[in-house]
Amino acid sequence: MELPFCEICLKTGMLCPGCTAKIKDGELNDNDLEIAKELYRLSQENKGLKDVKFKRSIKVGNLIIILIEAGEIGSIIGKGGNVIRGLSKKLNKKIRVIEESKDVKKVASDLLYPAKVYGINIVYMPDGTIIKRLRLGKEFERKLPIATKSVKEILLLITGENVDIVFE
Ligand SMILES: [Zn+2]
């Protein structure tokens with residue numbers, strides 16, 4: 001498992017100057033450290049995690065988004081979701097794992113699973129701004145796994161895009 005802090009720091013909980021600086025500079029935060037420690041522990045007993053690269057986390061309300069490098073989402077979600085369940089229990093938060101990407105449709109699909117993401121429309125507003133409109137299945141309007149306000153916030157943080165959401 002590739003983690004943003006050194007192994008010795010995660011093992012001992014005593015941070016070296018390099019890891020301390022990452023938090024002090026705001027590149028990473030205390031949540032990232034807590035998650036990295038737990039993922040480090042889990043990776044010791046779960047060899048399936050060896051190729052997963054944890055980048056950073058985003059906290060929105062009681063939800064924690066774990067951003068990993070693209071390609072290994074299956075390994076971290078694991079057989080029957082054991083790893084995520086363990087992590088969620090330990091941190092006492094809801095967890096979603098997202099592969100780092102600027103592709104709004106892909107990030108939204110990971111974020112909102114099992115809700116169906118139909119597509120994205122580019123909308124030209126009268127004032128000249130351009131927004132991306134995310135089209136979701138009507139049947140999920142009342143049972144979206146994450147509130148639409150949080151979805152917009154998370155998509156902006158991950159992809160840098162302002163997204164509008166419609167159900168159809
Ligand atoms: Zn360190």
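## Overall layout

From the N terminus on, the chain runs α-α-α-β-β-α-α-β-α-β-β-α-β. That comes to seven helices and six strands. Helices here are DSSP runs of H or I with at least four residues, strands are runs of E with at least two, and both are numbered from the N terminus. This is a predicted model: local features need pLDDT of at least 70, side-chain atom pairs count only at pLDDT 80 or more, and totals for chains, interfaces and linings use all residues. Residues are numbered from 1 along each chain as its sequence is written.

The C-alpha trace spans about 55 × 35 × 25 Å along its principal axes. Of the 168 residues, 26% count as buried. Buried means 20 or more other C-beta atoms within 10 Å of the residue's own; exposed means 12 or fewer; partly exposed lies in between, with C-beta atoms placed from the backbone. Contacts are residue pairs whose C-beta atoms, placed from the backbone, lie within 7 Å. Among contacts with a separation of 6 or more, 58% join residues 24 or more positions apart.

## Helix α6 and its buried side

Helix α6 covers residues 104-112. Its buried residues are Val104, Val107, Ala108, Leu111 and Leu112. They sit on the same side of α6, because they cover an arc of only 115° around the axis. The arc is taken from the directions that run from the helix axis to the C-beta atoms. An α-helix has 3.6 residues a turn, so residues three or four places apart point the same way.

What do the buried residues of α6 pack against? Their partners are the strands β3 (94-99), β4 (117-124), β5 (130-136) and β6 (163-167), plus helix α7 (148-159).

## α6 against α7

The two helices pack at an angle of about 135°, with their axes 10 Å apart. That makes α6 oblique to α7. Axes are lines fitted to C-alpha atoms, for helices over the stretch in contact, and angles run from 0 to 180 degrees between N-to-C directions. Angles under 35 degrees count as roughly parallel, over 145 as roughly antiparallel, 65 to 115 as roughly perpendicular, and the rest as oblique.

The crossing of α6 and α7 is right-handed. A crossing is right-handed if the near helix is turned clockwise from the far one by less than a right angle, and left-handed if anticlockwise. On the α6 side, the contact uses Val104, Val107, Ala108, Leu111 and Leu112. On the α7 side, it uses Val151, Ile154, Leu155, Ile158 and Thr159. These residues divide into nine nonpolar, one polar and no charged. Ala, Val, Leu, Ile, Met, Phe, Trp, Tyr, Cys and Pro count as nonpolar; Asp, Glu, Lys and Arg as charged; the others, Gly among them, as polar.

## α3 against α5

Helix α3 (residues 30-45) packs on helix α5 (residues 82-91) at an angle of about 135°, with axes 11 Å apart. That makes α3 oblique to α5. Their crossing is right-handed.

Glu34, Glu38 and Leu42 come from α3. They meet Val83, Gly86, Leu87, Lys90 and Leu91 of α5. The residues of this contact divide into four nonpolar, one polar and three charged.

## Leu134 and Ile165

Leu134 lies in strand β5. It is buried, with 25 other C-beta atoms within 10 Å. Beyond four places in sequence, Leu134 touches Val104, Ala108, Val117, Ile120, Val163, Asp164 and Ile165. Leu134 and Tyr118 are 16 residues apart in sequence and 7.8 Å apart from C-alpha to C-alpha.

Ile165 belongs to strand β6. Ile165 counts as partly exposed, with 19 C-beta neighbours inside 10 Å. Not counting residues up to four places away, Ile165 touches Leu134, Leu136, Thr148, Val151 and Lys152. The C-alpha atoms of Ile165 and Val151 are separated by 8.9 Å, 14 residues apart along the chain.

Is Ile76 buried or exposed? Ile76 is buried, with 25 other C-beta atoms within 10 Å. Its place is in helix α4 (residues 73-77). Leaving aside neighbours within four places in sequence, Ile76 contacts Leu49, Val52, Ile68, Val83 and Val97. Ile76 and Met1 are 75 residues apart along the chain, with C-alpha atoms separated by 9.9 Å.

Val60 sits in strand β1 (residues 54-60). Val60 counts as partly exposed, with 17 C-beta neighbours inside 10 Å. Not counting residues up to four places away in sequence, Val60 touches Ser150, Glu153 and Ile154. Val60 and Ile146 are 86 residues apart in sequence and 9.9 Å apart in space, C-alpha to C-alpha.

How values were computed
Two residues are in contact if their C-beta atoms, placed from the backbone, lie within 7 Å.
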